[in-house]
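Me: I have a new structure open and would like to learn how to read it. Can we go through it feature by feature?

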Amino acid sequence: MSTSERRPWQTRRHFLLQVLAAAAAGGCGNGVGPGDEGDESSGDGSSGDAPTGDAPTSGETGTTDATTGSPEPVLPSDPFTLGIASGDPLPDSVILWTRLALDPTIAGGGLPDEVLSVFWEIATDEAFTVCVLSGFADADPKFAHSLHIDAQGLLPDTWYFYRFKIGEWTSPVGRTRTLPAADSSPERLRFATVCCQDYTDGYYTGYPHLVQEDIDLVAFLGDYIYENAATGPVRSHANPEPTTLDEYRVRHALYKGDADLRAAHAKCPWVMIWDDHEVENDYAGDISQDDAPKDAWLARRAAAYQAYYEHMPLRLPPPEGPDYKIYRAMKWGDLAEFWLLDTRQYRSDQNCNDEPGAGCEGWETYDGTLLGDEQEQWLKDGMRASVATWKLITQQIVFSTVSFGGSLVNFDQWDGYPLARQRILDFIHDEQLANVVVISGDLHVGGLGDLAAIASDTDSPTIAAEIVTTSLTSEGNIPAETVEALIVQVPRIKYFNAHSRGYVSHEITPALYTVRCVIMATVFEPMADATVEAEFFIDAGTPGFRPQP
Ligand code: FE
Ligand code: CA
């Protein structure tokens, strides 16, 4: 077959071109193709070269993979349309993510049904003059050509830059960092929490502001995608509600098509948990919202979980089937520890037919589980053993009592699982755990409140605080509600905003937790002004928020 007859992605040898490209790029990774000195690494977590602090000296060139013999692919257009991301850092490693797709609107991304070898590199400078690690990894069509590189052997508490290359194409550059050493005593942690980014309800006007902040991490609290088929005020979901793997892939790709979202991923590592809309609104464990047959529902859940894995920078093996353990912990030296919970997969069905409103009979004593026994025990064991100053229960749904004595109960949040909630509160109280903060989202409201030792008794002592992150876009711009004026009169609620979209910025030091609730002027325009509407403080050793002057 002559050159002119090649299909666009047909493989070929072209190492000379790549050597020239690598030289022009400043000589970090040589990027000359698989088979050089760089270790072969795969998307399932093996690592690449040990860091040396010097540019790699690998002078061997070659264009075929020594392991598989697959030659370099030629791609007719940029395959990095979905951007890059990093996540789940450790003191010596971080997960680097990308997914190749020429055309994100089709399930296979417009790529051939074959494994493609991708070069990756990580450096201490944005120009990649000081490369510390590089390698090749296989992008497997089985996982939609996604990559999850475990870049091991990095220095603690250090910022890095990373990128990917395949053929003539180079990805955008991402910035990432490692955690402080486990036995260190960091002076500070800054991070942002974000959740609920319905693509159709608004533009991601928060992200251009978030990327200007001096943050170490983004913690994403769930509802990364929405599964509905809606056309909203600003954009359309374009496709029917997904139920199959291919359909969920297309939905995720639609979201990653947003340049502001991609830029936010490039800013710093993300730690992520899911909520309901990554699969289906208000699902509960193995029960679908609309009571779909169990087999069909679990097949759908498996498809959604796999697509989630394929599109997020997770330090997790790929899921096999409908069960997927994603809850995990993260330590910021001895300053803070996060418990990242899954409040969806193991929960009992919502009480009272999940119909928000007045409580049904016996709702106050409903003994459903939210975390499942295993996760609940893991959380308690972890919190009991933790030496971290700040203990952050990081999850999606609102923990505070906002049921107004049963006159308005949302059975999908902790109010609907009252005994399970009280067990957590009792544990915090009995163990005398200091500086516990519950971080949540879901309700599309911003809120700050103190948590009482007994949820149903507002006179019981404050033992912890809750920070509720408003939605980035979900529900769009809505008028200020009169309910806000009522809710802020509830003694334990310090701040409440049910009409604004935005995110929360957190700054933690050994003595002080500072919360800034950032709200956007609008999400109906691509760009908008941001305002810090509330700034509150928690003093270490004193449960609850410091009274405002
Ligand atoms: Fe939501
Ligand atoms: Ca939700």
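Me: Where is Asp 282 found?

Reply: This is a predicted model. Asp 282 is found in the loop between strand 11 and helix 5. Look at its backbone too. Phi of Asp 282 is near 55°, a positive value in a residue other than glycine.

Me: Is Asp 282 buried or exposed?

Reply: Compare its relative accessibility with the cut-off. Buried means under 20% relative accessible area. Asp 282 has 17%, so Asp 282 counts as buried.

Me: What is the phi of Asp 88, and where does Asp 88 sit?

Reply: Phi of Asp 88 is near 45°, again positive in a residue other than glycine. Asp 88 belongs to strand 1, residues 84-90. Asp 88 is buried, with a relative accessible area of 6%.

Me: Now the sheet. What is the order of the seven strands?

Reply: Start with the general idea. Strands of a sheet pair through backbone hydrogen bonds, either parallel or antiparallel. Here the seven strands form an open sheet with mixed pairing, in the order 12-13-14-15-17-16-18. Its edges are strand 12 (328-332) and strand 18 (493-497), each pairing on one side only. From one strand to the next, the twist averages 20°.

Me: How many bridges join strand 16 to strand 18?

Reply: Four bridges join them, and the two strands run antiparallel. For one facing position, find Gly 446: it stands opposite Asn 497 in strand 18.

Me: Which strands do helix 6 and helix 7 lie across?

Reply: Take each helix in turn. Helix 6 (residues 372-385) lies across strands 12, 13, 14 and 15. Its direction is at about 175° to strand 13. Helix 7 (residues 418-430) lies across strands 14, 15, 16 and 17. Helix 7 runs at about 130° to strand 17.

Me: Which residues are the protein donors of the calcium ion (ligand 2)?

Reply: Look for the atoms that face the metal. The donors are Asp 223 (OD), Asp 275 (OD), Asp 276 (OD), Gln 396 (OE1) and Asp 442 (OD). They lie 2.2 to 3.1 Å from the ion. In sequence they are spaced D-x51-D-D-x119-Q-x45-D. Two of them link distant parts of the chain: Asp 275, in the loop between strand 11 and helix 5, and Asp 442, in the loop between strand 15 and strand 16, are 167 residues apart. Both Asp 275 and Asp 442 are buried.

Me: Which residue bridges the calcium ion (ligand 2) and the iron ion (ligand 1)?

Reply: Asp 223 does, and the two ions lie 3.8 Å apart.

Me: What about the nonpolar core: how many residues does the largest one have?

Reply: First the general idea. In soluble globular proteins, nonpolar side chains tend to be buried together. The largest nonpolar core here has 72 residues. Phe 191, Tyr 207, Leu 392 and Tyr 513 have the most contacts inside it. Helix 5 gives the largest share of this core, seven residues. A second, separate core of 25 residues includes Leu 96, Leu 116, Val 118 and Leu 154.

Me: Which residues does Phe 191 touch?

Reply: Among them are Ile 215, Leu 217, Phe 338, Leu 392, Ile 439 and Tyr 513.

Me: One last residue. Where is Trp 390, and what does its side chain reach?

Reply: Trp 390 is found in strand 14. Trp 390 is buried, at 0% relative accessible area. Its side chain reaches the backbone oxygen of Thr 509 at 2.9 Å. Now compare chain and space. Trp 390 and Glu 337 are 53 residues apart along the chain, yet their C-alpha atoms are separated by 6.4 Å.

How values were computed:
Residues are numbered from 1 along each chain as its sequence is written. Chains are lettered from A and ligands numbered from 1 in the order in which they are written. This is a predicted model: local features need pLDDT of at least 70, side-chain atom pairs count only at pLDDT 80 or more; totals for chains, interfaces and linings use all residues. Side-chain values use heavy atoms; hydrogens and water are left out. Two strands pair if DSSP finds at least two bridges between them. Axes are lines fitted to C-alpha atoms, for helices over the stretch in contact, and angles run from 0 to 180 degrees between N-to-C directions. Contact means heavy atoms within 4.5 Å. Donors are N, O and S atoms within 2.8 Å of the metal (3.2 Å for Na, K and Ca); water is not among the atoms, so sites may look incomplete. Buried means under 20% relative accessible area, exposed over 50%, partly exposed in between (1.4 Å probe, protein chains only). A nonpolar core is a set of buried Ala, Val, Leu, Ile, Met, Phe, Trp, Tyr and Cys residues joined through side-chain atoms within 4.5 Å. A polar contact is a pair of N or O atoms within 3.5 Å; within protein, one must be able to donate a hydrogen and the other to accept it, and residues adjacent in sequence count only if both atoms are side-chain atoms. Lists of a residue's contacts leave out its neighbours within four places in sequence.
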